[in-house]
Amino acid sequence: MKALRELYDYREMISGLVRRDLRGRYKGSVLGFLWTFINPLLQLLVYTMVFSVIMKNGIEKYYIFLFVALVPWMFFSTSIAGGSTSVLHSESMVKKIYFPREVLPISYVTSSFVNMILCLLVVFAVLIISGFGVSLKALLFLPIVMIVEYLLALGFTLMSSALTVYFRDLAYILNIVTMAWQYLTPVIYSVDQVPDEFKWVMQWNPMTSVIVAYRDILYYKQVPHMSTLIMATVLGIFFVVIGYIVFRALQKGFAEEM
Amino acid sequence: MDTIIDVKNVSKSFKVYMDKGNQLKERALFWKRNRYEERQVLKDISFQVERGEALGLIGKNGCGKSTTLKLLSKIIYPDSGNIEIKGRVSSLLELGAGFHPDMSGRENIYTNASIYGLTKKEIDERMDDIVAFSELEEFLDNPVRTYSSGMYMRLAFSVAINVDADILLVDEILAVGDSNFQKKCYSRMKELKTEGVTIILVTHSGETISKFCNKAIWINEGEILADGPAKDVVAQYQQYMDDQQMQQLLKEEKRQKLLKKEQDEKFQKEYAVDTSGIPTPDEIRKALAEARIDITQNHFGLEYIQIEDAVIKNGKGEETTVFKNGDSFELEIYYKVNRPLEQYVFGMGFYTQDKEWIFGNNTQIDRIEIPHTKMNGVVKFRIPNLPLLEGTYLLNVSIVNEDGVPLDFYHCYCKIQVVSSDRSIGVCSIPHEWIVE
């Protein structure tokens, strides 16, 4: 509790780091934003080409089906893979001055989160302009899902950033892991398409319920199933607690390991 | 009293890796490589600091004082033992943490202060104080990369000192910055001290501690050797350091001696002894003119008589060139006569390294006559309490005749090193005391 209170005291540092990160990312305003947006856009283009033109999969408006899942997934994967070096890259600060080290992964995940919100604005623009439309009732649940995903991403980033201090090559390994993870998550396909004997993979994957919820809200325009929401929330809280415990245990050795 | 820092039985070791692999791949494949040595930096230390105290941590390099400071600032954690701290800590270990060169001074104040855990509101409240203290009003909106290193330090220090910490940790880094600002820093720290801020200062300068602190802890090789009033601890520490310096110099001298001995053996020359009649003053004058003696050389003379060896001994009769102020100093001049004269004058003197005379004396000045009696012998010179202050001095040794004609003259026979506990300025220690009424 005392540690959380202290973290709250350091809110200015977190917001300062987030602001600095975003400013760096969006330097030159519009062009800067486009640049960070080009990655999901390219992926969207490639997958759409492959799965709705070459290997027709029969999903209606596949590009929207994919887009509403790809943006949240990119937030999650950049958080854990990119955020894994958040502590390591602040070596000079960590070695020389005290502050709660959690500040570093938290600000990384937060700035990625802000980035996702900006990308979601583009998603909304596409939904409205294409005439696909949105359901306001379903949208009420979007913030909950976003917060749950934030917690989940934070939990994993706390772990990855702490472990990377001890194992430097984890940053590269995580790039591969998140790539594989994407295919184990219903991002480019739907859960229904998964054969029954592999459904257990979906159940064990904490990101499944989050992505399913996003898609329910934005693609199917319906309120997500209560079971999906509860499952996602429980997992989100569970992983943020685990991540925090792991980080706390490992952070004592940071200055010496660097 | 109110204990603000309580350090109990704290030990800390560092792992020194032979060849460290900090990749998963390396750890998995070459686990044998991860051999390391444990180096214990702190051995079971305990101390307490009361609120409003100024504590100095003193000790030579690598004694563990900086590690202690890092432990107090929670950058690293102890292996065993417990540290309890009440209140906000501001450390001046690393000034300007998180400074970004492209951002303006003002923005950097926000960033830097936020690392100390200040909220935006708290920073806004302190902004005027910080800016005023830094004296950088006109440069505040320029990017920090345009600052000189002095300006940079000033800005950083101004933030750190205005955090309103309960405990201020200061490393000797303060030595940077111009002397005016340094004075300002110290006077600000004194102010804070009277306001009840606890200050911990790490340095290896005893002076700073006795000036600024009321309590001091002397750490040596990870152990607390002394803990008490600053003056007493500093005195003990300085005594120890003087002894250490002495040891070091003696060791170096021993090495030099060994080297010299080897060389001497290589280049030893034999001189034939000429025992023909005693030359008249005229003959000497003539010889002097013919020999074209260059007195700007270090070693010159007619060599009718030769200094074979000059041995310098301390009070214990040990041969040395390293002395403590107040030691007994003894010079033994061993000579060999090549051509006998009626009388010889033996002399010695001290120069500073800049060749300034400090003291010079000879047997003629002291009205001692040394007529020719034998072909070789020894003359001794003794100073019971060597009054020289700390430094390196040149020893002059010479033999002349009664008219001052140089027979064998060394401007600098060797260097003498003096270690002094009297820290007065100059070359000579004069017994003194201060009376304050």
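In the predicted model, the interface brings 27 residues of chain A into contact with 33 residues of chain B. The two chains bury about 2600 Å² between them, and carbon and sulfur atoms account for 56% of this area. One salt bridge is found across the interface. It joins Glu256(A) to Lys12(B), with 2.7 Å between the closest N and O atoms. Polar contacts between chain A and chain B, counted with both residues at pLDDT 80 or more, amount to three residue pairs.

On the side of chain A that touches chain B, at least two residues are supplied by each of α1 (2–9), α2 (11–25), α5 (91–96), α9 (170–184) and α13 (254–257). Of the elements of chain A, α2(A) gives the most to this side, with five residues. The composition of the side of chain A that touches chain B is twelve nonpolar, one polar and 14 charged residues.

Elements of both chains contribute to the lining: α1 and α12 (226–251) of chain A, and α2 (65–72), β4 (80–85) and β5 (89–92) of chain B, each supply at least two residues. By class, the lining of the second largest pocket consists of 15 nonpolar, eight polar and ten charged residues.

Note on methods: Residues numbered from 1 in each chain as written. Chains lettered and ligands numbered in written order. Predicted model: local features only at pLDDT ≥ 70, side-chain atom pairs only at ≥ 80, totals over all residues. Heavy atoms only, no water. Contact = heavy atoms within 4.5 Å. Buried area = accessible area lost by both parts, 1.4 Å probe. Salt bridge = Lys/Arg side-chain N within 4 Å of Asp/Glu carboxyl O. Polar contact = N/O pair within 3.5 Å; in protein donor to acceptor, adjacent residues only side chain to side chain. Helix = DSSP H or I, 4+ residues; strand = E, 2+ residues; numbered from the N terminus. Nonpolar A, V, L, I, M, F, W, Y, C, P; charged D, E, K, R; others polar.
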